[in-house]
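Dear colleague,

I am passing on the structure we spoke about, with the sequence alongside.

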Amino acid sequence: MLMIFGGAARPLLRLVAALFLTTMALLTACSPTLNWREVRPEGTRLALLLPCKPDKAQKTVPLGGPATPLSMLGCDAGGATFAVAVAQLGDASQAAPVLAQWQNLTLANMKAGPAQVSPLTMPGAAAILVKAQGRRADGTAVSGQAAYFAQGSQVFQVVLYADSIAPEVAETFFSSLKFE
């Protein structure tokens with residue numbers, strides 16, 4: 001009897017070990033691709049969610065004429081690029097024309113076809129959401145969504161680029177925008 005039990009225990013032990021290893025492999029494979037965290041661009045009251053730890057960059061660009069420092073936070077996750085850019089214009093009356101120019105330059109840069117523009121509900125600002133299909137510099141197709149808004153003399157662009165944008169990802173990203 002002891003031999004029968006001992007003989008039967010080995011296949012059972014192998015089965016338990018195999019199930020354990022399979023479970024561990026599945027848990028590792030299920031680690032989240034999008035690890036959402038709240039970020040706040042320096043010098044602003046804006047808060048938003050990014051799905052990965054952002055890199056920071058600054059460059060000077062001609063927004064509305066004179067060279068303007070542009071601060072950016074961005075990261076890549078789940079096959080998509082997420083970014084927020086902010087510039088201080090110094091003159092709030094320039095915000096609307098600068099945002100219109102920024103939108104046009106972005107669409108031209110991505111060689112976009114006709115864009116869909118709609119209001120974006122955002123606490124603390126009047127914002128628009130622009131959706132377009134275009135081409136990357138290498139000619140591959142890209143989907144883009146971008147929010148444009150201002151607070152005082154600060155102007156903002158929040159963008160999401162991917163081969164294909166999952167609606168739930170875009171919803172999480174853009175609905176997180178708020179001023180505190």
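This is a predicted model: local features need pLDDT of at least 70, side-chain atom pairs count only at pLDDT 80 or more; totals for chains, interfaces and linings use all residues.

Residues are numbered from 1 along each chain as its sequence is written, and side-chain values use heavy atoms, with hydrogens and water left out.

To begin with the sheet: helices (H or I, at least four residues) and strands (E, at least two) are DSSP runs numbered from the N terminus, and two strands are taken as paired if DSSP finds at least two bridges between them. Three strands make up an open sheet in the order 1-2-10, with antiparallel pairing; its edges are strand 1 (37-39) and strand 10 (178-179), each of which pairs on one side only. Strand 2 (residues 46-50) is joined to strand 10 by two bridges, and Leu-46 has Phe-179 as its bridge partner in strand 10.

The structure holds seven aromatic pairs, among them the edge-to-face pair of Phe-149 and Phe-179, at 5.9 Å centre to centre and with 80° between the planes. This pair links distant parts of the chain, since Phe-149 belongs to strand 8 (residues 141-151) and Phe-179 to strand 10, 30 residues apart. Phe-156 and Phe-179 form an edge-to-face pair as well, with 5.5 Å between centres and 70° between planes, and here Phe-156 in strand 9 (residues 154-162) is 23 residues apart from Phe-179. Taking buried as under 20% relative accessible area, exposed as over 50% and partly exposed as in between (1.4 Å probe, protein chains only), Phe-156 is buried at 0% and Phe-179 is buried at 10%. Trp-36, Phe-82, Phe-173 and Phe-174 form one aromatic cluster.

With a disulfide defined as a pair of cysteine sulfur atoms within 2.5 Å, the count comes to one, and it joins Cys-52 to Cys-75 with an S to S distance of 2.0 Å. Because the torsion about the S-S bond is about 85°, this disulfide is right-handed. Cys-52 lies in the loop between strand 2 and strand 3 (55-62) and Cys-75 in strand 4 (residues 67-77), so the bond ties together parts that are 23 residues apart in sequence. Cys-52 is buried at 11% relative accessible area, as is Cys-75 at 7%.

In helix 3 (residues 167-175), the buried residues include Phe-173 and Phe-174, along with Val-169 and Ala-170. These buried residues fall within an arc of 110° seen down the helix axis, so they line one face of helix 3, the arc being that of the directions from the axis to the C-beta atoms. The face turned away from this buried side carries the exposed residues Pro-167, Glu-168 and Glu-171.

Lastly, Ala-95 in helix 2 (residues 95-109) is buried at 7% relative accessible area. Ala-95 and Val-155 are 60 residues apart in sequence and 6.3 Å apart in space, C-alpha to C-alpha. Beyond its neighbours within four places in sequence, Ala-95 is in contact (heavy atoms within 4.5 Å) with Leu-89, Ala-150, Gly-152 and Val-155.

Methods: Rings of Phe, Tyr and Trp (its six-membered ring) pair if their centres lie within 6.5 Å; planes under 30 degrees apart count as stacked, over 60 as edge-to-face and the rest as tilted.
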